[in-house]
Amino acid sequence: MRPGSFATLLFLCSFAASAQKVDYVREVRPILSDRCFACHGPDEANRKANLRLDTKEGMEAALAKIGPRIAHEKKALRMPPPQSGVLTEPQIATLQKWISQGGEWKMHWSYLPPKRAEAPAVKNTAWAQTSIDRFILARLEKENLKPAPRTGKAALLRRVSLDLTGLPPTPAEVTAFLNDTSATAYEKVVDRLLASPHYGERMAMPWLDLARYADTHGYHIDSHRDMSAWRDWVINSFNQNLPYDKFTVWQLAGDLLPNPTKEQLLATAFNRNHMINYEGGAIPEEYLTEYVIDRVEATANVWMGMTMGCARCHDHKYDPIRQKEFYRFFAFFNTVREKGLDGSRGNAEPVLKLPDTWQQSRLDAIAKRTTELEAWLDERDVVALREGWEFQQPKFPTPPTANEKATAAASLRFKMSSRLDTVDSLLVDQPHLKLWIDGGQAIGRNRRGSRLYFQQGTQVWRTKDNFVTGDWQHAALNLSGTPVLYLDTKPVTLEPAQATAPKNPPKGSKEDLRFFDRALTAGEIRILAIDEPAKAILAVAADKRNSEQRRALLDYFFEHGAPAGVRDVNRELRALYLERDDLDAAIPSAMVMSEMAIPRESKVLARGDYRNGTEVVTPGVPSFLPPLPSGAPQNRLGLAQWLTSGQHPLTARVAVNRFWQMYFGTGLVKTVEDFGSQGEYPMHVELLDWLATEFVQSGWDVRHMQKLIVMSAAYQQSSKVTPELHERDPENRLVARGPRFRLPAELVRDNALAVSGLLNGKIGGESVLPYHPPGVWEDIAYGDTFSAQRYVQDHGDKLYRRSMYSFWKRTSPPVSLATFDAPDREKCIARRATTNTPLQALVLLNDPTYIEAARVLAAQAMAAPDPLAFMFQRAVSRAPSAQESTLLRAQLAKQVTVYRNWKEGVDKLLKVGEAPVPAGRDRVLLAAWTTVASTILNLDQTITKE
């Protein structure tokens, strides 16, 4: 276009819209942020031409220069340059008009405190039931649109049941609601659902994404952790309607409260849900830095909707966050007493032990008794007793005679190094006997262990269970007939195995290897395992013995050489110690926050590199936001109080926006994770601010906000959409209709389980391992000796727990859930994608969970007068239409014909899943109805909230 033509067009546009003032926040700032701030924004180090456009002072100084450059007749001189994104002609027109109107500058909308506007007047006063509705309707009337009519009662009940509990209504609940003609019928349903314990589960689901909750540490080994106690706390907090300000303070700084309760300490696990590494060769300091940065990013995202991580390496290019301010925020979280590399044996320090009442009572009793026994031993001067025993030169029993060429029995004393149980390690390789250690760690166990393998001829045997390594152990093999293995004099169960000696060289020590020409008795094995090592130590001069030998000799004395009374007390003490250790290992724990006695020094890291510390900084918040409350401590507690003070412009807005997203599929601010310059301007900014102020004024009442939204007429609208409205507002941002979108991944599966009656409604507890494709974990496993490397499926009721309790491995999240867009939870996630792919249909038709659900549903339906109506009522809360009935009955007839001629197919289909097939059912007919039920469970209506 010629310059003159463009000027004419710009003049005509300006003349036509002269009465309409350009809104800087909605129209101008997004253009500047998207195209100009990278070079002329907050990032001082990379700012070009000393020109700053994101502040009032900078804009006033630059205003006269902007107009000529954005529309310069020479494209090479136009700003922004092509690499930053060329301005479109409408954008140029908007900027020119804004400049001609005086170039008024305003601060970014989300950095200003929310203002509570009065709900606007509307024409259709009969439709609006709440203040929410008046804001929505005022916008619709401005757009010359009308709201949709109220949806049907059955559809509304299904919608609100899925939204508030994540579960569909039962047929009885549908009938009761349809029969209730009172004016408060719907409100009674809402109150019932909000009081359901499943409400807490539904509210916790998106919080687990935000908290990056998982059952493994992540990184390359990705071994097991157990944070289920914190997940239970989140569910209970929502069920108890813990105010959001306390919910926030406890999670960020519960450990810093005066005399914190166990519940407040447990809440701080929120910021221990990040990934943790213990890879060999990794640098602890590097990962300590990564953990703290993860907390900064998660906290900023969850409570402020800010991309603060962008300021890790340099000043933020779009929002006014200096790099120094990022590391001042970093300093709040850089005081946790943790290790950079940890978690090899489950939860990483610091941890909170969570014994139940019986466990705590027993621990107290053990502590009391051991104190008494230890005091009794101290009074006997056991050191002097042992020295006297040694001076008397005790006699030892004669061991059996060894024969190097014999093969009937073998005795070996061995010790594995601290790292031996991480690799395969050969111990013995003789012509007639091979003995080696191999991995065998089971999923979910926090302690590593190994299996002992041995081979004689072509047959390989191994210990059925793992044994923990580290100390000296004694292995004795009787090889006559069926082999018998003793470890430290105790027989262990063996099983046949297929294995070959590992290639890795030994990492442990072996000594006193003997072979015998006959089977050894239990007494002889005891001599070799217990008496002979003590005898060897006594042969060493007392001043030449190392600490390990001294300890072993003292143990032998206590067990075999001490006076009878001392031996009895020692045996009781050892039993108590073992019980205490076993009890301690069985007690669940959670990783929590805990301050260091001497806090780490925090520095600005040049380029974000942990090695490049520069200026030392103290904890602080970004300068463009309000300061910490007066008197607030400069630590995580002060930070939490700052976020929940009611004066913070972001906390309440971000929270209510996520609530809105949960119900309508998209937040009032679509970019729920970014309320900054690059985020979207709210579709209903007045409504967002009204909701934010309502949240604070209600005392941060979470349940109140949920009821407020679902009681609105806007929420209760029909989701049916005309082609014209879909063309105009495909994402329903104007809320001219009810919400309609595919259920979240967890709810797709939970819905199928609930519809079929298989759902196990237990709330809380450890994660479970339901049906899962074989080999998925093993393809990325790092050996058997680490936890969470093999997927060992659960059985029974655990198969039917809600999906939020499925074991979440970061490097391989639950496959069926991932197919429906569940994240890996390596980082904080505020907004999931919602896709529609062929793989999702394949999961619904082929995953064992859905096949089994279809079979169980079909078996129940066959006992009903109208099986098709039975299944439809459970799946979509309504009866099938005439067309649906015709199609599905035709499918049934076809499947009956198919399965009558395909017995193998019937057997294969009905064997899927562990739920028993009811006796007396016609198997061919059951298979056919199962296919029909599978079709119903795969309907768009079944997996969609509408």
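**Entry 1: K339**

Where does K339 lie? I found K339 in the loop between α15 and β1; helices here are DSSP runs of H or I with at least four residues, strands are runs of E with at least two, and both are numbered from the N terminus. The model I am reading is predicted, so I noted that local features need pLDDT of at least 70, that side-chain atom pairs count only at pLDDT 80 or more, and that totals for chains, interfaces and linings use all residues. Residues are numbered from 1 along each chain as its sequence is written, and side-chain values use heavy atoms, with hydrogens and water left out.

I looked up the accessibility of K339 next. K339 counts as exposed because its relative accessibility is 52%; exposed means over 50% relative accessible area, buried means under 20%, and partly exposed is in between, with a 1.4 Å probe and protein chains only. Setting aside neighbours within four places in sequence, I listed L288 and Y291 as the contacts of K339, a contact being heavy atoms within 4.5 Å. I also checked K339 against E285: they are 54 residues apart in sequence, and their C-alpha atoms are 8.6 Å apart in space.

**Entry 2: the whole chain**

I then stepped back to the protein chain. I noted 33 helices and 16 strands. The C-alpha atoms fill a box of roughly 115 × 80 × 55 Å along the principal axes. Of the 946 residues, 52% are buried. I looked at contacts between residues at least 6 apart in sequence, and 71% of them join residues at least 24 apart.

The accessible surface of the chain is about 42,200 Å², and carbon and sulfur atoms hold 53% of it; such areas come from the Shrake-Rupley method with a 1.4 Å probe. For charges, I took the mean positions of the 119 positive and 111 negative ones, and they are 4 Å apart. Lys and Arg count as positive and Asp and Glu as negative, while His and the chain ends are not counted.

**Entry 3: the cores**

Which residues touch the most other members of the largest nonpolar core? I wrote down W207, W230, M304, W660, L691, F695 and M871, in a core of 209 residues. A nonpolar core is a set of buried Ala, Val, Leu, Ile, Met, Phe, Trp, Tyr and Cys residues joined through side-chain atoms within 4.5 Å. Helix α14, residues 284-304, gives the most to this core, with eleven residues. Apart from this core lies another of 17 residues, including L373, F396, F557 and L576. In soluble globular proteins, nonpolar side chains tend to be buried together.

Beyond four places in sequence, its contacts include I132, I136, L687, L691, I709 and V735. D701 caps the N-terminal end of α24, with a side-chain oxygen 3.2 Å from the backbone nitrogen of R703.

**Entry 4: Q251**

Is Q251 buried or exposed? Q251 counts as buried because its relative accessibility is 0%. I placed Q251 in helix α12, residues 244-253. Its side chain makes a polar contact with the side chain of W207 at 3.0 Å; a polar contact is a pair of N or O atoms within 3.5 Å, where within protein one must be able to donate a hydrogen and the other to accept it, and residues adjacent in sequence count only if both atoms are side-chain atoms. Leaving out neighbours within four places, I found Q251 in contact with W207, W230, W233, A267, T268, F270 and W303.

**Entry 5: K317**

I found K317 in the loop between α14 and α15. K317 is partly exposed, with a relative accessible area of 23%. The side chains of K317 and D43 make a polar contact at 2.9 Å. Not counting residues up to four places away, K317 touches F37, A38, G41, P42, D43 and N46. I also noted Q678, which is 361 residues from K317 along the chain, with 10.0 Å between the C-alpha atoms.

**Entry 6: backbone**

Most residues other than glycine have a negative phi, and most peptide bonds are trans. I noted a cis peptide bond between E349 and P350, with omega about -5°. P350 lies in the loop between α15 and β1.

N259, not a glycine, has a positive phi of about 45°. I found N259 in the loop between α12 and α13, exposed at a relative accessible area of 75%. T489, also a residue other than glycine, has a positive phi near 75°. T489 lies in the loop between β8 and β9 and is partly exposed, at 26%.

Terms used. The place of a charge is taken as NZ of Lys, CZ of Arg, CG of Asp or CD of Glu.
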